[in-house]
Amino acid sequence: MKKRGNLRHNFLIFLSIILATSCSLYGGDGTTMNYRINGDVEVWLTTSNQKNLLSQQPVISAFEKSNKIDESVTQIEVNPEITYQEMDGFGASLTDASAWLIYNILDEKQQKELMYELFSSENGIGISFLRQPMGASDFALKMYTYDDVPQGEEDFELKYFSIDHDKEYIIPLIKKALEINPDLKVMASPWSPPAWMKTSRSLIGGSLREECYDVYARYFVEFIKAYEKEGIPIYAITVQNEPLYVPKEYPGMFMSPEVQALFINEYLGPLFEKENIDTLILCYDHNWDNIEYPEIVLKKAGKYVAGTAWHVYGGDHSAMSKIKEKFPEKGAWLTEASGGEWVPPFFDAFADQMTHIIRGTRNFAKSIVWWNMALDQNNGPTVLKHSTCRGIVTINTDKRDITYNVDYYTMGHISKFVKPSAYRIESTNIQSILETTAFKNPDDSIVLIVYNRTNNNKKLSITYGDSEFNYTLRGKSAVTFIWNN
């Protein structure tokens, strides 16, 4: 009897725990428990006057949410129960030019410090995504691919395929980046196939010869396997950078949507399956002003295509949402947004880039990627006669010093805090006044980015479940808040 009594007593205790837990999870009306901020809120600020550049501010203490509404205060609600896309990462490109500068111009100490400033979340901005050119782009010391042969010769067996060029300084830097941030993802995009595969028989101009569809697919596989052999997994590829633009000074190639769909559907996709390549295939890799291109490719080759890569030089962010509506199972990646003289720093460039970060992610982009990681004081090295692009940092080849540009601080507002595999969550957005985007990290921490588009200071009230905190955001400034859930 005594033993039975203990069992009954233990059961009642167990039942009471279950009921207590249930009461804490569910309210009387069956709604789920309200969530709240645990501890203080971290604050990181950048102001257009540059007095604050991703500067940590005093922490804010949250308090119990008030039911009173002050109409002079802008209300922002963050709701983790409404989730959107999973994030892949944020970063730029270690182009041939960028990698050469970092590897060859900086001394060992400078190089180490810069790599940590770029790729470490604790010491820097925690870059987590690289978009690497497959061969030369416009920002290279010379034009090259991985299978260059003398004029008039061909190499359908890819006997001369080699990534030796990249082993000199590009691959060593990517390896260092992976050591600093093991969560780093690497995607790759070609500006041009080898010249012998093209109608122009040159890296400049032309299109892919029909008889080279098969060998070009094998070229991708060779590249992926060669990089993986170096310890660098290739997360995703695009088939052609900016396929609707044929540059006259640097490597490029025209590729119609019909040809891209055919190439993926009949050659690249099946070969990836045969070779057990799990690298994602993304289509398009060009501007927002043409949504018909990805629509055609996704309709015809959607079996093999994970989604669309986008650039920012035409159209607007809503293009990504329009394609998402038509192909909800497919992803969107913002893969190139260069800073340059056409949007002068600091004030205008800051506004432009914060807009890309917020509207990009609010329109389902899984990545935000600037262009060159580093350029010199002349916006090079480059094969162009004149370059107007700007790197995340400038490395002066005469003084051998480093300048951190506006692009570094804007990228840092998201890359330092939002981790790969985070999910975008719902947040109040008033596009003409205050733009916001919010995320829930894998460790359940919450990140809210707010950009004040106006010239006036704005009083904010941020609510998160049962919690609330206040902040006054200066005009034309951006802030990142982070708190524990």
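Analyst: What follows starts with the salt bridges and then turns to the pocket, the cavities and a few surface details.

This is a predicted model, in which local features need pLDDT of at least 70 and side-chain atom pairs count only at pLDDT 80 or more, while totals for chains, interfaces and linings use all residues. Residues are numbered from 1 along each chain as its sequence is written, and side-chain values use heavy atoms, with hydrogens and water left out.

A salt bridge is a side-chain nitrogen of Lys or Arg within 4 Å of a carboxyl oxygen of Asp or Glu, and by this rule the count comes to 18 salt bridges. One of them joins Glu 230 to Lys 167, with 3.7 Å from N to O. Glu 230 lies in the loop between α5 (213-229) and β8, and Lys 167 in helix α4 (residues 164-180), so the pair ties together parts that are 63 residues apart in sequence. Such elements are DSSP runs numbered from the N terminus, helices being H or I with at least four residues and strands E with at least two. Glu 230 also forms a salt bridge with Lys 175, where the closest N and O atoms are 3.1 Å apart. This second pair again links distant parts of the chain, since Lys 175 sits in helix α4, 55 residues from Glu 230. Lys 167 counts as partly exposed at 38% relative accessibility, and Lys 175 counts as partly exposed at 32%; here buried means under 20% relative accessible area, exposed over 50%, and partly exposed in between, with a 1.4 Å probe and protein chains only.

Another salt bridge is formed by Arg 359 and Glu 435, whose closest N and O atoms are 2.9 Å apart. Arg 359 belongs to helix α9 (residues 347-362) and Glu 435 to strand β19 (residues 434-440), so this pair ties together parts that are 76 residues apart in sequence. Glu 435 is buried, with a relative accessible area of 1%. Elsewhere, salt bridges that share partners join Glu 154, Arg 201, Arg 209 and Glu 211 into one network.

Now to the spaces. On a 1 Å grid over the protein atoms alone, a cavity is a set of points where a 1.4 Å probe fits but cannot get out, whereas a pocket is an open set with protein on both sides within 12 Å along at least five of seven lines, and lining residues have an atom within 4 Å of a point. The largest pocket has a volume of about 410 Å³. Its lining consists of 22 residues, of which Asp 138, Glu 242, Tyr 245, Tyr 250 and Cys 389 lie nearest the centre.

The count comes to four cavities of 30 Å³ or more, and the largest cavity holds about 50 Å³ of space. Among the residues that line the largest cavity are Leu 298, Trp 310, Met 320 and Phe 327. The elements β10 (305-311), α8 (318-326) and β11 (331-337) each supply at least two residues of this lining.

Two further places complete the tour. Val 246 is in the loop between β8 (236-238) and α6 (257-274), and Val 246 counts as partly exposed at 34% relative accessibility. Gly 126 is in the loop between α3 (108-119) and β6 (129-134), and Gly 126 is buried, with a relative accessible area of 3%.

Methods:
Grid points are joined across faces, edges and corners, and a volume is the space filled by probe spheres set on the points.
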